[in-house]
Amino acid sequence: MMAAMARMRMRDGAKLHYLDVGRGDPVVLLHGFAMHGAMWLPFVMRYAHRHRFILPDLRGFGRSHELPLVQPVLLDQHADDLADLVTGLGLGRFTLGGLSMGACTSLQYQQRHGFDRVGAYLHIDQAPCVRNLPDWRWGLLGDEQEVRLAPWADLMEKVAPWRGRSFGAIPRELRRRFWAAMAEFYGSGFHRAGWRHGLRLTRHERFARLAAPTTNWPVYMDCLHAYLTHEYDWRESMRDIAVPMTAMVGMESELYPAEGQLRINDFVPHAEIVRFERCGHAVPFDAPVRFTRALGTFLEATRALRHADAPVSARQRRAA
């Protein structure tokens with residue numbers, strides 16, 4: 001079954017790229033930072049005979065890389081784009097899922113627009129609060145947050161004079177620092193040694209550009225600036241999530257300590273927590289077989305709930 005590529009006009013006139021594959025109950029899946037919608041294809045194709053997967057390239061990434069950010073807060077932009085996409089496609093009730101930045105977008109969407117149209121939610125390796133606060137110490141990079149984000153702040157200050165110019169206009173040394181920082185950030189997302197060693201190649205510009213286009217290079221800085229300057233705290237708004245929710249946690253996640261993610265039940269008591277042992281932040285890639293099976297279990301449970309005359313119990317969902 002082939003994936004159809006299409007674009008949807010957003011409220012500002014920009015055309016967001018997305019893949020549309022399969023038939024059946026609609027499922028919208030949102031990718032992580034510096035990824036794109038096609039990342040989901042290896043995991044969803046076996047379920048495309050019963051589910052219609054909508055896989056957008058979030059603004060600034062993939063085939064939506066060149067779209068400008070018109071909102072001052074990055075995740076507000078992504079959340080409103082999601083609202084425009086599902087409205088434009090005429091989706092009634094749909095299943096929503098997101099990994100990392102995609103999960104952040106989902107929670108920002110829930111905070112801004114509610115989950116009235118969401119039938120079930122899949123949350124993959126994302127803490128309910130990004131910044132470390134007096135009452136929260138399991139944000140991005142955990143106890144190392146301040147130390148490891150400081151170089152990003154310095155780099156953003158250094159490259160700021162080149163905004164509006166091509167990436168090639170940036171001095172070579174700053175470009176080298178940019179790619180080294182990106183490679184370090186990428187590598188933190190994986191637990192398996194093979195992935196971590198392979199991603200070291202992204203320190204070299206000719207390899208890095210294959211994964212991260214630079215036509216709209218400031219978008220990467222804008223993403224990281226958002227993490228530096230906004231708390232992105234969804235703990236209270238998550239209490240309003242009443243739909244079935246599954247949270248998949250990489251128990252060796254370096255980007256978001258598992259201890260904090262396991263506290264999701266403090267805010268969404270009915271959420272089912274699925275632990276992925278010996279797995280890092282990028283759950284689908286660190287544990288592709290386990291993830292694909294768990295995704296199938298989640299999809300079949302939501303399908304049963306959607307089509308049943310009566311609610312399905314948690315035990316029935318796990319057995320589906």
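Author: Happy to; what follows is a short exchange about a predicted model.

Reader: Let's begin with D20. Why is D20 called buried?

Author: D20 has a relative accessible area of 17%, and buried means under 20%, so the label applies. This residue sits in strand β2 (residues 15-22).

Reader: What makes the pair D20 and R52 a polar contact?

Author: The side chains of D20 and R52 are joined at 2.6 Å, and the cut-off for such a pair of N or O atoms is within 3.5 Å. The value therefore meets the distance condition.

Reader: Now strand β3. How do you know that β3 is mostly covered?

Author: Six of the six residues in β3 (residues 25-30) are buried. On one side these are D25, V27 and L29, and on the other P26, V28 and L30, which leaves both faces covered.

Reader: What makes β3 and β4 a pair?

Author: Pairing needs at least two bridges, and four join β3 to β4 (residues 51-56), with the strands running parallel. So they count as a pair. Within β4, H51 is the bridge partner of D25. Strand β5 (residues 94-99) also pairs with β3 in the parallel sense, again over four bridges, and there V28 has L96 as its bridge partner.

Reader: Why are the buried residues of α4 said to line one face?

Author: The buried set is Q145, R148, L149, W152, L155, M156 and V159. Viewed down the helix axis, they fall within an arc of 115°, so they line one face of α4. As background, an α-helix has 3.6 residues a turn, so residues three or four places apart point the same way. The face turned away from the buried side of α4 carries the exposed residues E146, V147 and E157.

Reader: What covers that buried side of α4?

Author: The cover includes α5 (172-188) and α8 (218-229). Leaving out residues up to four places away in sequence, W152 touches A181, M182, F185, M221 and L224.

Reader: Which residues have the most contacts inside the largest nonpolar core?

Author: They are F33, L96, Y109 and W152, in a core of 77 residues. A second, separate core has 29 residues, including W40, F53, F276 and A282.

Terms used:
Residues are numbered from 1 along each chain as its sequence is written. This is a predicted model: local features need pLDDT of at least 70, side-chain atom pairs count only at pLDDT 80 or more; totals for chains, interfaces and linings use all residues. Side-chain values use heavy atoms; hydrogens and water are left out. Buried means under 20% relative accessible area, exposed over 50%, partly exposed in between (1.4 Å probe, protein chains only). Helices (H or I, at least four residues) and strands (E, at least two) are DSSP runs, numbered from the N terminus. A polar contact is a pair of N or O atoms within 3.5 Å; within protein, one must be able to donate a hydrogen and the other to accept it, and residues adjacent in sequence count only if both atoms are side-chain atoms. The arc is that of the directions from the helix axis to the C-beta atoms. Contact means heavy atoms within 4.5 Å. A nonpolar core is a set of buried Ala, Val, Leu, Ile, Met, Phe, Trp, Tyr and Cys residues joined through side-chain atoms within 4.5 Å.
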